[in-house]
Amino acid sequence: MRRVVVTGIGVVSPVGSTATSTWDALVSGRSGVGKISLFDPSEFPVRIAAEVDGFEPDAIFGRRRAKHLDRVTQLAMVAAREAIDESGLDIGVASDRVGVVWGTGVGGIGAFADGISVLNDRGPEWVSPYSLPMMIPNMTAGHIAMEWGIRGYSSCTVTACSASAQAIGEGLDLIRIGRVDSVVCGGSEAAVTRVGIAAFAAMKALSTRNDDPERASRPFDAGRDGFVMGEGAAALVLEDREAAIGRGAPILAELLGYGVSSDAYHMTQPHPEGDGAVRAMRAALRDAEVDVLAVGYVNAHGTSTPPNDRIETLALRKVFGERVPAVSSTKSMTGHTLGAAGALEAAICVQALKHQTLPPTINQETADPDCDLDYVPNEARQAQVEVALTNSFGFGGHNATLVFGMA
């Protein structure tokens, strides 16, 4: 079976505009949560989010082009460029042997909301012909393919918060079976919008620590009261290992395995015994042919919601027994980037392996008896890690786990 490696990563996040600046911020324990600036949140019960700071699409794409790209695609294009540039992949040489798989939870929700607003305020004749291509979730993958001339397999995963982890897993499978030799994969989300915040707030899913935003996202802490909405994008370039070595590509890590499952339980709540999470992790470890004792770090789904963190802890106990490795949730700093989270946290695992450093879970102040693992509290830690695992669980019961190994 073909081995698959990571040769490039790109990140645009609430704590950094590149993979390197994001990593540096995470290791320093810096929160990217603050007051919402993308719209006036004064009438909302939730007025905080983790926004990408200083993102200027007009300067990046030009005003005319930026106007016709939803923010979810703008963020994705920047992350994809960084990953492709780092990999040095020459797509033009064999463009039909390169694929793109992109994940998102809600796609162009901003464009959709804008279209509805124009329709209601001004009438149907004023709705832009760009509204539909800006809002449909698959269009980001399409734009990436068009920008770099990728003519192989192209697809989009839309599985809520597991979307980009599944995109990466699908990329792994595509290379293994020989359908393509390399894949640009990842995910993006730009749901810090009026309807996005209002909808999640109505579900009582979001933290309401409006007066203390930097301490609002607190996975596994007894005082957690919901997640913080985040936005951003992350991309990985995956390649057949032999081909990557042959062209002298930088090999950052190896993608060892992928596991998926469905809870088949509830629209929004995870299975109370962590059944789907357990099966996804075990499937990924089997696929990777990795023993549980080899795993040195877990980047948890860890959303900072009371049930999720408790149930994920239970699931980790079931998979790893009494020797659960160090676990951290970087959502404590980035917020929950929904469909982009799996790719962002995959990139973080690659960097953890590269730097032999575990990013912390910040805002660990009060122990929760139901969350009793080593969550790398508040400060990054040097550690010898050869294998890292990352979890992504989504509404609808979608579960995905990725396993990475050192290059």
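Visitor: Is F112 buried, partly exposed or exposed?
Guide: F112 counts as partly exposed, because its relative accessibility is 45%. Please keep in mind that this is a predicted model.

Visitor: Which element holds F112?
Guide: F112 is placed in helix 5, which covers residues 109-122.

Visitor: And how far apart are F112 and T18 in space?
Guide: Their C-alpha atoms are 28 Å apart, while 94 residues separate the two in sequence.

Visitor: What about V6 and L238, how far apart are they?
Guide: Along the chain, V6 and L238 are 232 residues apart, yet 4.7 Å separates their C-alpha atoms.

Visitor: Where does V6 sit, and is it buried or exposed?
Guide: V6 belongs to strand 1, residues 4-12. With a relative accessibility of 0%, V6 counts as buried.

Visitor: What does V6 touch?
Guide: Setting aside residues up to four places away in sequence, V6 touches L236, V237, L238, P250, I251, L252, A253, V350 and F404.

Visitor: Let us change topic to S164. Where is that one?
Guide: S164 is found in helix 8, which spans residues 163-176. S164 counts as buried, because its relative accessibility is 0%.

Visitor: Which backbone atoms lie 2.7 Å from a polar atom of its side chain?
Guide: One is the backbone oxygen of G339, at 2.7 Å from a polar atom of the S164 side chain. Another is the backbone nitrogen of A343, also listed at 2.7 Å from a polar side-chain atom of S164.

Visitor: Which residues does S164 touch overall?
Guide: Not counting residues up to four places away in sequence, S164 touches G103, T157, G186, G187, G339, A340, A341, G342 and A343.

Visitor: How does helix 8 pack with helix 14?
Guide: Helix 8 and helix 14, the latter covering residues 341-355, pack at about 65°, and their axes are 5 Å apart. From helix 8, S164, A165 and I168 meet A341, G342, A343 and A346 of helix 14. The residues of this contact divide into five nonpolar, two polar and no charged.

Visitor: Why give both an angle and a distance?
Guide: Two packed helices are described by the angle between their axes together with the distance between those axes.

Visitor: How does helix 1 lie against helix 14?
Guide: Helix 1, residues 19-27, packs with helix 14 at an angle of about 75°, and the axes are 11 Å apart. Helix 1 is therefore roughly perpendicular to helix 14.

Visitor: Which residues meet there?
Guide: A19, T20, W23 and L26 of helix 1 meet I348, Q351, A352 and H355 of helix 14. By class, the contact of helix 1 with helix 14 has five nonpolar, three polar and no charged residues.

Visitor: Next, helix 11 and helix 12. At what angle do their axes cross?
Guide: The axes of helix 11, residues 275-288, and helix 12, residues 306-320, cross at roughly 40° and come within 9 Å. Helix 11 is therefore oblique to helix 12. The crossing of helix 11 past helix 12 is right-handed.

Visitor: What residues form that contact?
Guide: In helix 11, A277, V278, M281, R282 and L285 meet A315, L316, K318, V319 and F320 in helix 12. By class, the contact has eight nonpolar, no polar and two charged residues.

Visitor: Which residues other than glycine have a positive phi?
Guide: A264 is one of them, with phi near 50°. N363 is another non-glycine residue with a positive phi, near 65°.

Visitor: Where are those two?
Guide: A264 lies in the loop between strand 8, residues 253-262, and helix 11. N363 lies in the loop that runs between strand 11 (357-358) and strand 12 (381-382).

Visitor: Buried or exposed?
Guide: A264 counts as exposed, because its relative accessibility is 72%. N363 counts as buried, at 8% relative accessibility.

Methods. Residues are numbered from 1 along each chain as its sequence is written. This is a predicted model: local features need pLDDT of at least 70, side-chain atom pairs count only at pLDDT 80 or more; totals for chains, interfaces and linings use all residues. Side-chain values use heavy atoms; hydrogens and water are left out. Helices (H or I, at least four residues) and strands (E, at least two) are DSSP runs, numbered from the N terminus. Buried means under 20% relative accessible area, exposed over 50%, partly exposed in between (1.4 Å probe, protein chains only). A polar contact is a pair of N or O atoms within 3.5 Å; within protein, one must be able to donate a hydrogen and the other to accept it, and residues adjacent in sequence count only if both atoms are side-chain atoms. Contact means heavy atoms within 4.5 Å. Axes are lines fitted to C-alpha atoms, for helices over the stretch in contact, and angles run from 0 to 180 degrees between N-to-C directions. Angles under 35 degrees count as roughly parallel, over 145 as roughly antiparallel, 65 to 115 as roughly perpendicular and the rest as oblique. A crossing is left-handed if the near helix is turned anticlockwise from the far one by less than a right angle, and right-handed if clockwise. Ala, Val, Leu, Ile, Met, Phe, Trp, Tyr, Cys and Pro count as nonpolar, Asp, Glu, Lys and Arg as charged, and the others, Gly among them, as polar.
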